[in-house]
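I opened my notebook to look up two things. The fold of one chain came first, and then its contact with a partner.

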Amino acid sequence: MNVLVIAIMVIFGIAALLCVVRIIRGPSILDRTVASDVLLTEVMCVLGADMALNGHTRNIPVMLIIAAVSVFGSIAVARYVARRDNPTP
Amino acid sequence: MTAFFDLALPAPVAETIALVLILLGAILCLSAAVGLLHFRDVPSRLHAATKPQVLGVVLICLAIAVSQRTIGGMLMGLLIVVPVILLQFATAPLSAHMVGRQAYRNGTINQRSLVVDEYAESKRTPPAAG
């Protein structure tokens, strides 16, 4: 196995671990939303890297669906977060 | 014409280019995660999260196209990969905008770090706005 492949795998793993740390520690729910969005995009990157390394194109539909749908999670959380801005209307 | 489409990069060259592109994308993913862990409030975390992430996806999609080796295969790969990039470009600012606005309204923003606060003039949020 190539050295570059091992480096790529280690870097992806460290990035995913840092995202999970932010999801666990994040003080507000919006931090967790941002971190989970980053984690989902990283899953997309890993699927693409697998396609490029192994020379097939079977994961393209999964990447397309993730890219189209991942926005709804952030929007749903951002709309229904409790609002604390107007104590006196 | 078909002879032109059958022209191929040598296998080690194509593999090395694809590996370097994937490595750059992985480093951008890592920088997004480090920024997520390092910054203090939600808007700066959004700033760290969205931009390197989208560029990383673009680089990895280019790596997918390059790893097809023949010129026709590369064009076909680009055609397959372009919808993913366009969707990512369309949806990443959308979610970042919604989350950032809600962070402002929620008070999870560092007020002293703002230079201009144009949003404070509209005290009342309109009824159906986010």
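I took the radius of gyration over C-alpha atoms, and the globule rule as 2.2 Å times the number of residues to the power 0.38. By that rule a compact globule of 130 residues would have a radius near 14 Å, but I found 21 Å for chain B. I then looked at the extent of the C-alpha trace of chain B, which spans about 65 × 30 × 20 Å along its principal axes.

This is a predicted model: local features need pLDDT of at least 70, side-chain atom pairs count only at pLDDT 80 or more, and totals for chains, interfaces and linings use all residues. Residues are numbered from 1 along each chain as its sequence is written, while chains are lettered from A and ligands numbered from 1 in the order in which they are written.

Next, I checked secondary structure (DSSP runs numbered from the N terminus: helices are H or I, at least four residues; strands are E, at least two). Chain B has four helices and zero strands. Its pattern along the sequence reads α-α-α-α.

I looked up burial, where buried means 20 or more other C-beta atoms within 10 Å of a residue's own, with C-beta atoms placed from the backbone. In chain B, 38% of the 130 residues are buried.

Last came contacts (C-beta atoms, placed from the backbone, within 7 Å). I noted that 46 residues of chain A are in contact with 45 residues of chain B. On the chain A side, α1 (3-25), α2 (29-54) and α3 (60-80) each give two or more residues. α2(A) gives the most, with 15 residues.

Notes:
A residue is buried if 20 or more other C-beta atoms lie within 10 Å of its own, exposed if 12 or fewer, and partly exposed in between; C-beta atoms are placed from the backbone. Two residues are in contact if their C-beta atoms, placed from the backbone, lie within 7 Å.
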